[in-house]
Amino acid sequence: MNIRTKDNLVVIVAGIGMLLSTLDTGIINVALPFFKSYFETTADIVAIAVTGYTISLAVFILPFGLLSDKFGKLSFSYIGLIIFGLSSLLCGLSANVQMLIMFRIFQGIGAAALQATSASLITTLVSAEKSSSAIGVLGIMIGVGPVLGPSLGGLLLSLNSWRGIFWLNIPFVLLGLICNHKLITNISENKYAKHIDYPGSLTNGLFVILLISGLSLLSSHSIIGTALIIASLIAVIILFKVERNKETPVVNVINLIWNKSLLVYLYETIAFGFASAIIFLMPPYLFETVFKLNSGLTGILVLGAPIGLVLFSRISSAHNNGLKDNSFSKVGLSIILCSLLLLSLYQTSLPYILVTICLFIYGVGGGYFQPANISVIMKTTDITSQGSIGSLQRMVQNVAIAMGTATGSVFLNMWSHELVTAIKLGWITAGCLIIIAIALDFALNKNGFK
C-alpha cells in the first residue's frame, strides 16, 4: 500500500469515528418529547438515553486509550465501529424505553473506542507532511458533529422516521469498517507493553458518573446535583492518590503534575469545550424566544459557528506545518474571546443577523484553535502513549461540554423571565474562562514552563 492511500484511509477511519461519536451525542435531543409520548414514560427516564450515552463514553474512553496503545489503534477502532454499528441498529429496533437506554449505553461504549483512537491513529500512522491537515479534519468533525446531530434528528423526526435517527450511522460504519480492514491487512502497527489499570479505571469511572450525573441534575434537582458534584471531587482526589505510583496509569498523574505545558493545554481544552457548549445552547433561545423566529430560520442562523469552524480548520491546517501549533492556538483563543465579547455587548434592538456574524467569528477562532490544541497535546508524550493522551484530551473536552451545558441550563432556569440576561451571563462566563486560558498561555511562554 502506498503512503498516499494509507494516509487517506487513516483519515477516513479517524474522521468517521469522530463524526459519528460526536453526532450521536445530541442527535436524539430533539426527539426526547417524541420518545416520552411514544414509549409512554416520563421525561426524566427518556433523558437517561442521553446521559447514559455521555456517561458510558466518558467512563470507557481513558481505559480504551490505554488498551489501544497495548493492542493497536486500528484493532480497537475496528471493534469500536462494530459495537457502535450494532448498537445503532438495535437502538432503531427498540420496542420500549428500557431497550433504547440499554443500547444507547452500548453505543456510548463504541463511541469511546472511536474517540480514544481517532487522534492517535493520525499521529502514529499518517505521514508527517499530511499530519496537520489530517488533524484539521478531526477539528472539523468535532465541531460539525454536535451541531449536525440535532438538525438531522429533527429532519428525520419530521419525516416520521425516528428509527432513521440511529440507522443513519450504519452506512458510515460500514465504510469505516471497509477502510479499517484494508489498513489492518496491509500495514503493521506498533504495539506497546501496557498493564491494565483496573483500580484507576474504576475510580475514574466513578468520578465521571458522579460528575456528569450531578451536572445533568443541577438545573432541575439542585441539591442532589450539587451533592453528586462534591462527591465527584472527592473521587478525583482518590483517583490522583491511586494513580501516582502506577507504572502505566490510566491517568498519568506524575506527567500532569510536572508537565505544566500539558496542564495549560488541557485547561485550554476545557475553556473551549465549555464555551462551545454555551455557544450552541444559547442562540436558539435568543432567536426563537426573544426574536420569535421559527425553528427553520433559527436552524439556519445558528450555522454561523460550524461554518466558520469548518472553513478555518481547513485554512489553518493548510498553513500549519506542525511548528505553529502554539501561535495558532493563541490566535484562535483571541478570536474566540472577541466573538464572546461582541455577543456580550449585543443589544436586542440591533439586527439579529449580527448574532450569526458573531457566531461565525467564534467558528473562525475554533477553526484556528481546535486542530492546534489537539496537535500540541498529542506532542506532550511519546509514541508509546498516543492512545492514552488522545483519550485524555477527548474525555476532558467531553466533560467540559457537559459543564458548559449544565451551567447554561442553570442560567436559563434562574433567569427564565429575563432570557437576555441569562444568555449574556453564559457568554460572559465563557469569556472569563477564555481570558484565563490566554493568561495561562502567556505565563507559560513568559516563564518557559515545561
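What follows is a set of questions and answers on this structure.

Guide: Before you ask, note that this is a predicted model, in which local features need pLDDT of at least 70 and side-chain atom pairs count only at pLDDT 80 or more, while totals for chains, interfaces and linings use all residues. Residues are numbered from 1 along each chain as its sequence is written, and side-chain values use heavy atoms, with hydrogens and water left out.

Visitor: How many helices and how many strands does the chain have?
Guide: Helices (H or I, at least four residues) and strands (E, at least two) are taken as DSSP runs and numbered from the N terminus. Counted in that way, the chain has zero strands and 18 helices.

Visitor: Which radius of gyration does the chain have?
Guide: The radius of gyration is taken over C-alpha atoms, and the globule rule is 2.2 Å times the number of residues to the power 0.38. For 450 residues, a compact globule would have a value near 22 Å, and the chain agrees with this at 21 Å.

Visitor: What share of the residues of the chain is buried?
Guide: Buried means under 20% relative accessible area, exposed means over 50%, and partly exposed lies in between, with a 1.4 Å probe and protein chains only. Of the 450 residues of the chain, the share that counts as buried is 54%.

Visitor: At what angle do the axes of helix 1 and helix 5 cross?
Guide: Axes are lines fitted to C-alpha atoms, for helices over the stretch in contact, and angles run from 0 to 180 degrees between N-to-C directions. Helix 1 covers residues 3-26 and helix 5 covers residues 97-125, and their axes come within 8 Å of each other. The angle at which these axes cross is roughly 145°.

Visitor: Is the crossing of helix 1 and helix 5 left-handed or right-handed?
Guide: A crossing is left-handed if the near helix is turned anticlockwise from the far one by less than a right angle, and right-handed if clockwise. By that rule, the crossing in which helix 1 passes helix 5 is left-handed.

Visitor: Is Glu-40 buried or exposed?
Guide: Glu-40 sits in the loop between helix 2 (32-38) and helix 3 (43-71), and Glu-40 has a positive phi of about 50° although it is not a glycine. Most residues other than glycine have a negative phi. With a relative accessibility of 73%, Glu-40 counts as exposed.

Visitor: Where is Lys-292 found?
Guide: Lys-292, which is not a glycine, has a positive phi of about 60°. Lys-292 is exposed, because its relative accessible area is 66%. Its place is the loop between helix 12 (260-290) and helix 13 (295-301).

Visitor: Which residues is Ser-313 in contact with, leaving aside its neighbours within four places in sequence?
Guide: Ser-313 belongs to helix 14 (residues 304-318), and Ser-313 is buried, with a relative accessible area of 0%. Contact means heavy atoms within 4.5 Å. Leaving aside its neighbours within four places in sequence, Ser-313 is in contact with Gly-136, Gly-139, Ile-140, Gly-367 and Pro-371.

Visitor: How many disulfides does the structure hold?
Guide: A disulfide is a pair of cysteine sulfur atoms within 2.5 Å. Cys-358 is in no disulfide, and the nearest cysteine sulfur, that of Cys-338, is 10 Å away. The number of disulfides in the structure is zero.
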